[in-house]
Amino acid sequence: MATVAEDITSITQVESGMMVSRLVARTLCAFTLVLIFMGALVKSHEAGLSVPDWPTTYGYNMFMFPPSEWRANVFYEHTHRLVASLVGIITLFLFCWVALHDRRNSIRWFAFAALAVVALQGVLGGLTVLYLLPAYLSVAHGVLAQSYLLLIVFLARIFSANVAPQWGSVFKPDTERTAHWAIGLTVVVWIQLLLGAIVRHTESGLAIPDFPAMGGQWLPMFDDAMLSRINEWRLDQTLSSNAFLPDVSMEQVAIHAIHRFWALVVLAAYAGLLRKIWKCRPSNLKFKKAALGIGILIAIQIALGAFTITTQRLPLVASLHVLTGAVLLAASWYYALEAIQLPSYFGHEKSRAVLTE
Amino acid sequence: MRTSWYRVGVSCVAAVMLSGMQAWAGSVTGTIKFDGQPPALKPLDTTADPVCHSKHKDKSLPNEVLVLGSGQTMANVLVRVTKGAPAKDHPAPTDPVILTQEGCRYAPHVFVIRAGQSLKVLNPDGILHNVHSLPKTNTALNKAMPANLTEMETKFDKVEEPFAFKCDIHPWMQAWCFVTDNPYYSITKEDGLFNIDGLDAGEYEITAWHERLGTKTETVTVKDGEPAKVDFAFAKK
């Protein structure tokens with residue numbers, strides 16, 4: 001039977017181990033967002049095949065590829081691969097660290113899942129190059145990146161020992177319903193990012209070239225006249241700018257429209273969450289501020305979506321639109337994880353209880 | 001000996017007359033024009049690659065999406081027989097078609113290759129290019145051409161509608177390729193003229209294709225002893 005002193009020593013080790021895990025997980029969150037932004041730059045510059053081989057880079061080991069050749073579109077694709085490798089290495093480190101220092105089997109499995117997902121993501125990235133960017137593979141590559149981010153945010157939350165008790169106490173009366181709304185918002189945002197990936201990789205980004213109207217109509221009819229107006233505009237742009245915009249089909253217009261309409265669903269889910277929070281705990285300013293922060297992110301994201309169209313997909317603007325989408329997903333998910341008090345499900349509260357005794 | 005010279009002479013005259021008659025009797029000619037106010041195209045922005053940019057210090061690289069001559073005649077329009085082409089066997093030429101990447105620009109901008117004919121891609125720029133074709137029927141090509149690789153060869157085995165070639169490193173670089181199994185086509189230069197010869201008397205569907213303005217189709221009748229003429233006009237829709 002362990003003495004109290006042994007328990008305290010053991011728990012102190014757990015706490016310090018968790019501190020490293022937390023730091024690594026948070027670093028991974030940051031690097032994953034950077035990686036998603038760089039991936040968006042690759043697509044925005046149509047640079048996905050500027051390095052046509054994989055896993056090599058023009059026959060070189062990617063780490064030995066001479067910087068003098070990182071020109072034009074090669075820069076975006078090559079740096080994307082380098083940062084992806086860094087994220088893979090950090091994930092491997094996190095897995096090893098958790099396997100050695102965290103006694104919770106469930107957390108070890110989640111760390112392993114993160115490693116498996118990042119490896120799969122690397123392979124998917126390679127396949128998109130080898131198969132010349134088929135839309136289904138590119139969409140899968142984009143969406144798996146967002147799903148990996150969810151996993152890493154989850155781990156970061158699990159390792160964040162200091163936050164749970166404060167917010168947990170705030171939510172006790174109505175935790176479950178608030179959590180449902182927050183999870184619902186996360187799911188809705190994830191679907192919106194999936195739709196965004198489909199828009200990007202089916203070349204539907206300017207399939208509706210005006211905002212907030214659609215094809216010149218506030219209430220789009222999706223008829224031949226609308227398609228004709230859109231394609232006339234695209235031809236005008238091709239002949240007046242350097243953008244080569246071929247005619248689009250009604251399917252592409254529909255894909256784009258669904259992405260816009262789904263933004264309204266995101267707004268509705270957010271409004272539902274906001275109403276629930278105000279109803280539950282109108283006096284808690286910290287939690288309100290966090291919810292308002294998500295609202296600001298949604299507003300920025302809608303504005304960036306509009307700018308993406310009005311600037312004719314300026315690469316930086318379109319990439320910031322993707323990045324903000326990822327930040328919104330991570331924020332909604334973190335919020336949901338706060339609401340459902342996950343640490344208590346994974347034995348962390350138990351550890352703290354022993355430490356308190 | 002005299003008889004022999006006489007036979008050679010008669011044969012030559014007959015051959016010249018026959019070939020002349022064939023071209024004169026069985027051809028379709030015409031002009032392609034652009035209708036309406038010509039757009040003011042912006043030159044291409046090559047600043048993303050300083051080496052490419054340095055090759056165009058004195059004169060910017062023009063946007064070739066619409067190339068007009070005097071009188072608004074159109075270059076880079078592919079004209080071909082789409083119905084009624086003589087059902088003969090046309091072996092692919094043994095000489096390769098040349099596509100070059102000079103000054104970070106593809107030349108020619110529109111080209112035709114016969115199914116099975118060799119395509120030689122040149123890289124006189126001495127910098128890294130990526131040759132990426134986007135066919136739907138044939139196997140796509142996606143090959144790097146580093147500075148030290150000055151040429152490479154490929155071929156397309158199946159007939160296919162025009163598809164793009166692009167360089168993924170220099171996104172402004174674009175060319176269009178049409179794969180056919182017959183010689184009944186013509187690509188216009190700045191004078192907008194085309195000439196398709198070697199046709200028998202009969203009715204033909206002639207299609208003119210432009211990379212962004214789409215296609216125009218006309219039916220013409222080629223009569224013995226008289227070339228058929230058809231003109232096309234493209235406009236913004």
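This is a predicted model: local features need pLDDT of at least 70, side-chain atom pairs count only at pLDDT 80 or more; totals for chains, interfaces and linings use all residues.

Q: OK, chain A to begin with. How many helices and strands are there in chain A?

A: Chain A has twelve helices and zero strands.

Q: Switching to chain B. What is the strand order in the open sheet there?

A: The order is β4-β3-β6-β9 in chain B, four strands with mixed pairing. β4 (106-107) and β9 (151-155) of chain B are at the edges with a single partner strand each, so one side of each has no neighbour in the sheet.

Q: How do β3 and β4 of chain B run, parallel or antiparallel?

A: Antiparallel: two bridges join β3(B), residues 97-101, to β4(B). In one of the pairings, T100(B) has A107(B) in β4(B) as its bridge partner.

Q: Now the interface. How many residues does each chain put in?

A: Chain B gives 33 residues and chain A gives 27 residues. The buried area between chain B and chain A is about 2400 Å², and carbon and sulfur atoms give 59% of it.

Q: How many salt bridges go across?

A: Three salt bridges cross the interface of chain B and chain A. One of them pairs D247(A) with R212(B), at 3.2 Å from N to O.

Q: Which elements of chain B supply residues to that side?

A: α2 (50-54), β7 (129-133), β8 (142-145) and β11 (174-180) of chain B each supply at least two residues of the side touching chain A. The largest share, three residues, comes from β8(B).

Q: And polar contacts between the chains, how many residue pairs?

A: Nine residue pairs are in polar contact between chain B and chain A, both residues at pLDDT 80 or more.

Q: What does the D125(B) and K55(B) pair tie together?

A: D125(B) is in the loop between β6 (118-122) and β7 of chain B, while K55(B) is in the loop between α2 and β2 (78-83) of chain B, so the pair ties together parts 70 residues apart in sequence. D125(B) is buried at 9% relative accessible area, whereas K55(B) is partly exposed at 36%.

Q: What about R105(B), which residue is its salt-bridge partner?

A: That would be E64(B), with the closest N and O atoms 2.8 Å apart. R105(B) sits in the loop between β3 and β4 of chain B and E64(B) in the loop between α2 and β2 of chain B, so this pair ties together parts 41 residues apart in sequence. R105(B) counts as partly exposed at 29% relative accessibility, and E64(B) is buried at 14%.

Note on methods: Residues are numbered from 1 along each chain as its sequence is written. Chains are lettered from A and ligands numbered from 1 in the order in which they are written. Side-chain values use heavy atoms; hydrogens and water are left out. Two strands pair if DSSP finds at least two bridges between them. Contact means heavy atoms within 4.5 Å. Buried area is the accessible area (1.4 Å probe) that two parts lose on being put together, summed over both. A salt bridge is a side-chain nitrogen of Lys or Arg within 4 Å of a carboxyl oxygen of Asp or Glu. A polar contact is a pair of N or O atoms within 3.5 Å; within protein, one must be able to donate a hydrogen and the other to accept it, and residues adjacent in sequence count only if both atoms are side-chain atoms. Buried means under 20% relative accessible area, exposed over 50%, partly exposed in between (1.4 Å probe, protein chains only).
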